[in-house]
Amino acid sequence: MILSCSHINKAFGAEEILSDVSFHIEDQEKAAIVGVNGAGKSTLLKIIIGELAPDSGEAILAKSRSIGYLAQHEDLDSGRTIYEELKAVKRPIIEMEQQIRDLEQKMKDTSGQALEETLALYDQLNHTFELQNGYAWRSEITGVLKGLGFTEEDFDKQVSTLSGGQKTRVSLSKLLLSKPDIILLDEPTNHLDMESISWLENWLRGYAGAVVIVAHDRYFLNRVVTKIIELENGHSTVYLGDYTAYSEKKAMIRAAQMRAYLNQQQEIRHQEEVITKLRSFNREKSIKRAESREKALARVNVLEKPVERNDEMRIRLEPNIVSGNDVLTIRGLAKSFGAQMLFSDIDMDIKRGERVAIIGNNGTGKTTLLKLINGLLPADTGTITLGAKVYPGYYDQEHHVLHMEKTIFEEIQDAYPDMNNTRIRNLLAAFLFTGDDVFKRISDLSGGERGRVSLARLMLSEANFLILDEPTNHLDIVSKEILEDALRDYTGTVLYVSHDRYFINRTATRILELTGHTFINYIGNYDYYLEKKELLTRLTVSAPAVSTGSVDAASDSGTKQDWKNQKEEQARTRKRQNDLKKTEDAISRLEERDAEIDGLLMEESVYTDVARLMELNQEKESIQKQLEELYAKWEELAE
C-alpha cells in the first residue's frame with residue numbers, strides 16, 4: 001500500500017465537504033475520484049499532498065515514497081523555454097552524464113592506483129546512469145512534449161508567453177518526466193486534443209507507479225483506471241473496475257436500495273392501516289393489539305430514501321417546426337488565416353435528424369467552421385446554404401448571447417416569459433445552479449458557469465438545428481448524461497464540436513474528422529471511427545480531392561472495394577434511418593386514431609348504436625394488429 005486515507009473530515013464554515021472519507025491506493029494501482037461538481041474531489045487531493053489540513057483524519061504516504069501533483073490550472077512563472085523547463089527535471093541525470101564525461105577525460109591522464117579508483121567510480125556511475133535510463137533523457141523529453149501536443153517549433157518558446165492551457169501541458173510534461181511513486185492528476189485532459197489524450201492514456205497505463213485521477217472524461221477513465229472512489233454527499237464509496245463497471249454497479253445498488261425503501265414504506269403504510277382498523281373496533285383486545293403494533297412500528301429503523309438523479313432535471317428538447325430534409329449544404333468551402341490554410345474545397349451535406357460530431361486536433365479549424373456556418377466569419381470561397389424551415393441555434397464558448405447585467409434566473413425568465421418559476425429552477429438545477437445560485441449576475445460568473453447558462457438557454461429555444469461548440473466543457477458527469485439523453489431523444493438536427501469521446505460515442509450518428517485540410521466522413525459513433533480511422537485516413541489524405549460525402553478510390557482493387565463498401569454502408573444507413581422515421585410516423589398516426597376510437601366509444605350516441613359500435617371495435621382490432629407488426633419492425637430497425 002502506497003497511500004492510505006483514513007476517516008478524513010473537512011468543512012468550510014458550516015458546509016461539510018468531506019465526512020469520514022477512507023480508502024487506500026496500492027502500488028502501481030490506477031484509481032479515479034469521481035463525483036458531482038462541489039463534491040470535494042480537488043479538496044481531497046489538496047489534503048493528500050498537504051496543501052490543506054483535514055479537520056480530522058489523515059492521509060499517509062508510505063515511507064520514502066514520492067508524490068507528484070497536477071492541479072487543474074497550473075500557472076508556471078518561468079523565464080525559460082519549454083525545453084529548458086523540462087531539462088530542469090532531468091538535471092540530476094544531466095549532471096551525472098557530465099560527471100561521466102569528466103571521468104573519461106580524467107582517465108586519459110591518470111595511472112596506477114588513481115586510475116583504478118577513477119575506473120571504479122566510473123563503472124558505478126555508468127551502472128546508475130543506465131538504471132535510470134540516462135542515455136534516453138533527450139528522447140524522453142521530446143517524446144513527452146510531442147505526445148502532449150507540442151511541436152519541435154514550440155520547444156524554444158518562452159514559457160512566460162504561453163497560454164494558461166499550454167502552461168498546464170508543460171506542468172504535466174514535467175510531472176510525467178519526474179516519475180514519482182504516485183501521481184495525482186486533477187482534470188488532466190482539459191487542455192489536450194484527442195491524440196494527446198490517447199497518448200496520455202497509453203503512458204499512464206504503462207506507468208510503473210500509482211496514479212489517482214480526478215476527471216469527468218469517462219472514456220479516459222474507462223481506458224486507464226481499475227478502481228473508482230466515489231464522493232457523494234460527503235461520503236466515499238469504493239468500486240472495483242473501470243467507469244462503466246462502476247456506473248452499472250451504482251445503478252444496481254441504487255435500485256436495490258430503492259426497492260428496500262419502497263417495500264418498507266409499503267409495510268409501514270399497511271401496519272398503520274391495520275392499527276387504524278383495530279382501533280375502529282373500539283374493543284379492549286383490539287386496542288391492545290393496536291398498541292402492540294404501534295410499539296413495534298416505533299422500533300423500526302426507517303430507511304432514508306436513496307439519493308436519485310432527479311427525474312425532473314431531465315431536459316426534453318423538441319423543435320416546434322420540422323425542417324426540410326436538407327438541413328445544411330456546403331460546396332467548395334475554403335478558409336485560411338494569412339498563410340495558414342485550415343481547409344479548402346469542402347463539400348458537406350447534413351440531413352434532418354442527423355447528429356454529426358466534428359473532431360480533430362487543436363488548431364485545425366473546427367470552431368472556425370461553426371462560425372462560418374453561423375455567419376460570424378466570412379468564407380474565402382464556397383457557399384453555405386441552410387435548407388427550408390431550418391432555424392439554427394448556436395452555442396459558442398464566448399457566450400455572446402448573454403446579458404451581463406442580468407441574473408441567471410432573469411436571463412431565462414426574460415427569454416422565455418411563459419415558463420413558470422418551478423420549470424426555470426428545475427432546468428437550471430440540471431445545469432448545476434441551485435438555491436441562491438440562480439440569482440448570481442452573469443457578469444460575476446466564471447467562464448464555465450456562463451457556458452452552462454448559454455447551454456440551458458439554447459435547450460429551450462425553438463431551434464431545429466443545434467450547432468454546439470464543446471457543449472460538455474465544465475459539466476460534471478451527471479449533467480453530461482442529462483444532456484446526452486436529451487440529444488439522443490431530440491428529433492431535430494445537431495452539429496457539434498467535441499473532444500469528449502464518451503459523449504460522442506453516445507450521441508453521434510456520424511463523425512467528420514478534420515485532418516489534412518479536409519474532412520473524412522465516418523457513418524457511426526466513436527467506436528466505429530476508431531475501427532475505420534486508419535484505412536479512411538490513408539485513402540483520403542493520399543487522394544487529390546475529397547468531399548465529406550465520399551472518399552476517392554485509389555488505383556488498386558482492394559481500396560476500390562473498401563470505398564465501394566463504405567458507399568453501400570452509407571446508403572444502407574440512410575435507408576434504415578428513412579424506414580425508421582416512416583415506421584415511427586405510421587405508429588404515431590395509428591396510436592392517435594386508436595385514442596380517437598377510445599373517445600368515441602365513451603359517447604352515448606355510439607355505444608347505443610350496435611352497428612357503429614361493432615364497426616369501431618373491428619377498426620380498433622385492426623389497428624392493434626397493425627401496431628404489433630409496426631412495433632416489431634421498429635424494434636428491428638432501431639437495433
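This is a predicted model: local features need pLDDT of at least 70, side-chain atom pairs count only at pLDDT 80 or more; totals for chains, interfaces and linings use all residues.
Biologist: What is the phi of H7?

Modeller: H7 is not a glycine, yet its phi is positive. The value for H7 is about 50°.

Biologist: Where is S64, and what is its phi?

Modeller: S64 sits in the loop between β4 (56–61) and β5. Here again is a residue other than glycine with a positive phi. For S64 the angle is near 65°.

Biologist: Is S64 buried or exposed?

Modeller: A residue needs over 50% relative accessible area to be called exposed. S64 has a relative accessible area of 72%, so the label is exposed.

Biologist: And S78, is that one buried or exposed?

Modeller: S78 is in a loop too, between β5 (67–70) and α2 (82–89). The cut-off for buried is under 20% relative accessible area. S78 comes in at 10%, so the class is buried.

Biologist: Which residues does S78 touch, leaving out those up to four places away in sequence?

Modeller: S78 belongs to the loop that leads from β5 to α2. With residues up to four places away in sequence not counted, the partners of S78 are E85, V159 and S160.

Biologist: How does α2 pack with α5, in angle and in axis distance?

Modeller: Two packed helices are described by the angle between their axes and the distance between the axes. α5 covers residues 137–147. For α2 and α5 the angle is about 125°, and that makes the pair oblique. Their axes are 10 Å apart.

Biologist: Which residues make that contact, and what is its make-up by class?

Modeller: α2 passes α5 in a right-handed crossing. From α2 come I82, Y83, L86 and K87, and from α5 come W137, R138, I141, T142 and L145. By class, the contact of α2 with α5 has 6 nonpolar, 1 polar and 2 charged residues.

Biologist: At what angle do α12 and α13 cross?

Modeller: α12 spans residues 408–415 and α13 spans residues 421–430. Their axes come within 10 Å. The crossing of α12 and α13 is oblique, with an angle of roughly 125°.

Biologist: Which residues form the contact of α12 with α13, and how do they split by class?

Modeller: The handedness of α12 passing α13 is right-handed. α12 brings I408, F409, I412 and Q413, while α13 brings N421, I424, R425, L427 and L428. By class, this contact of α12 with α13 has 6 nonpolar, 2 polar and 1 charged residues.

Biologist: How far apart in space are S78 and L427?

Modeller: L427 is one of the α13 residues in the contact with α12. In sequence, S78 and L427 are 349 residues apart. Taken C-alpha to C-alpha, their separation in space is 44 Å.

Biologist: What share of the chain is buried?

Modeller: The chain has 20 helices and 18 strands, and its C-alpha trace spans about 125 × 80 × 55 Å along the principal axes. The accessible surface comes to about 33,000 Å², with 48% of that belonging to carbon and sulfur atoms. Of the 639 residues in the chain, the buried ones make up 44%.

Key. Residues are numbered from 1 along each chain as its sequence is written. Side-chain values use heavy atoms; hydrogens and water are left out. Axes are lines fitted to C-alpha atoms, for helices over the stretch in contact, and angles run from 0 to 180 degrees between N-to-C directions. Helices (H or I, at least four residues) and strands (E, at least two) are DSSP runs, numbered from the N terminus. Angles under 35 degrees count as roughly parallel, over 145 as roughly antiparallel, 65 to 115 as roughly perpendicular and the rest as oblique. A crossing is left-handed if the near helix is turned anticlockwise from the far one by less than a right angle, and right-handed if clockwise. Contact means heavy atoms within 4.5 Å. Ala, Val, Leu, Ile, Met, Phe, Trp, Tyr, Cys and Pro count as nonpolar, Asp, Glu, Lys and Arg as charged, and the others, Gly among them, as polar. Buried means under 20% relative accessible area, exposed over 50%, partly exposed in between (1.4 Å probe, protein chains only). Accessible areas come from the Shrake-Rupley method with a 1.4 Å probe; for residues, only the protein chains shown count as cover.
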